[in-house]
Amino acid sequence: MTSRYRAPQDAAPRPEGADSPAPRRRTVVRAAAATAVLAAPLAAALPARAAAQAPAFLHGVASGDPLPDGVLLWTRVTPTAEATPGSGRGPDTEVSWVVARDRACTDVVAEGSVTARAASDHTVKADVRGLEPATDYWFRFSAGGTDSPVARTRTAPARDADIAHLRFGVVSCANWEAGRFAAYRHLAARGDLDAWLHLGDYIYEYASGEYAARGTVVRPHSPAHEIVTLADYRLRHATYKTDPDLQALHHAAPVVAIWDDHEFADNAWAGGAVNHTEGAEGAWSTRAAAAKQAYFEWMPVRPAVEGTTYRRLRFGKLADLSLLDLRSFRSQQAATGSGSVDDADRTITGRAQLDWLKAGLAASDTTWRLVGNSVMISPFAVGSLSADLLRPLAELLGLPREGLAVNTDQWDGYTDDRRELLAHLRAHAVRNTVFLTGDIHMAWANDVPVDAGTYPLSPSAATEFVVTSLTSDNLDDVVKVPEGTVSALAAPVIRAANRHVHWVDTDRHGYGVLDITAERAQMDYYALSDRTDPDATSAWIRSYRTRSGTQKVERTYTPV
C-alpha cells in the first residue's frame, strides 16, 4: 500500500484586522533592533555540529492533526551550515519520507518526497493519506544521505468506530526563558497517548530578560530582541524546537495545536496587541502575517480556514474536537470594568467562527464534544479578594489593582458571545461539552454556568478543565514566595466568589492528561518538582471528571 502524497497547502496567511494602535505597557523595541543582523543569535540557537554536518535534521521531526486515514508529517532540514533558521540562505533540497509499521522502518506502507526551500525556511510537510485508522506508525525523513530521527505517530479511529477510550496530554504556556521543558519529557515517557493538545503560547515573543522565571533568565532565547519580523519568528520557533524534551514529545505522539497571543504578541486582537507599538514596530498587519506564516511553516498544523487555526477533528463515535482561533477575529479588549464587555457588537470569535462552532456542537453525534479553547470561558470574579492577594493576581491577569470582576482578555471580556454560545447549548440540549483551556497559568476545574450570578440555581451548560503553565510565571512566582503559599490563601477566596469553580491551584507548574470513556471525561493534573530543573520529577496532584449527561465537575481520588 502506498499513500497518495499531496503537496502542502500554501499556508501564507492573509493579513487580517485594521492597523490600529494599541496601548503599550512595556519599553518600545526600536525597529532597527528588530531587523538587526542575526548572525550571532542564529549561531547560538543551533548545536555546534550544524557547522560540521550538512544536511542535518537539527530540529527533530513531528506529526499532527491525525485523521482516520492519515496524518501530517513535519521536519526542518539544514541543508548547509549557512542555512540557519530565518536566514533565507541555503539551496533547495529534496527531502524524502517513509511511513512504516515498525520502528526500524522496514515494513514501509507509504513514501514520498518534497522539496525544502529557503522560501519556507527549509521546513517541509507531508500530508500522508491511505493509512489504517487507530494504528501506530513510525516515520522518518532523509536528505543527502542523512536520516532524521524515527518518530511514532498514530491515526485517529474510524469515523463510526466504537472505541473504549481516548487519552490526550494537555499543555500550554511554555516560556523558554522561564524554565526547562521537563513536562514534555514526562508526557513523552508515558507511551499511552493518542495525541497531545497544545492550547497556545507554544512560543513567547518577548526580548530576552523581559519575561523570565521570577525575573531570572533560566536560558536565553534567540533572537535576543523582541520578535517582530518573519526572520525573528522563524528563529524563535527554531530555538524552541532544539529543546530535547520538546523533540521527545513530538517524536512520541501527534500534536493537535492552536495558537494564543504569544505566538504573535501579548494580548493580541484582530487589529493589534498590547505588546505592539504601531509604527515603531511596523504595521500590525505585517507583523501578524509574519507570525502566522512562521507558525504554519514550523508547526504540523493544517489550516482549515486560510490563516487560522480553527478546525475540527473526530475520534470515532467517542469524541470530536473543535479547535478555536481566539486571536484572529476578536475585537480589541475592553477597558476593565467598562460596560462594553457586554456590547453585542464586540466578539472574541468572529461571526463565522461562532456560527461554525454552534453548528458543529449541535450536529455532533459523538458522546463527547471537546473544545480546544485558548482562554478561560468560565466566569471569574475577583472583586472580593483582599488587597494583598489582589495585587499579584491583578499583575498576572492584567487587571486593575483596585479589583474588578472581569479579565477582559478572556471570554469575560466578550460576554455576548459567551451568552449566545451557552444559550445555544441549552436550547439544543447539547450535552457533554468540555472546554479544554490554557493561558491563565493556573489549574482549574469548573462548571460553566448559564448565569454565574445565580449559580448553583442556574444550570451548568458545560464543563471546563484548565491546565496550568509549563514554565510561565504563575501567582506565587509573581510575588516571589514559596510554592503553595498564595494558593492556600487565594483558592478558598476565589472559590467563595465563584461557586462554579470546584478547584483552583494558583501556584504549580505542570500539565494534564485527559482520559475519555463513554461514561466520563477525566482530567488528571500533574505538577513538576522544579520548572527550572531539566531533571525535574512529576507527580499527580488532583483529578476531576465530568460524568456523561451531568454537565457538572466532580472530584475523583485516583488518576487513570
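1. In which sense do strand 4 and strand 5 pair, and over how many bridges? Strand 4 and strand 5 (residues 108–116) pair in the antiparallel sense, over 8 bridges, where strands are DSSP runs of E of at least two residues and helices runs of H or I of at least four, numbered from the N terminus, and pairing requires that DSSP finds at least two bridges. Within this pair, Ser-96 has Ser-113 of strand 5 as its bridge partner.

2. This is a predicted model, in which local features need pLDDT of at least 70, side-chain atom pairs count only at pLDDT 80 or more, and totals for chains, interfaces and linings use all residues. Residues are numbered from 1 along each chain as its sequence is written, and side-chain values use heavy atoms, with hydrogens and water left out.

3. Strand 4 also pairs with strand 7 (residues 136–143), again in the antiparallel sense, over 5 bridges, and here Ala-100 stands opposite Trp-138.

4. Pro-85 lies in the loop between strand 3 (70–76) and strand 4 (93–100), and is buried, with a relative accessible area of 1%. The C-alpha atoms of Pro-85 and Ala-238 are separated by 6.4 Å, although these residues are 153 residues apart along the chain.

Technical notes:
Buried means under 20% relative accessible area, exposed over 50%, partly exposed in between (1.4 Å probe, protein chains only).
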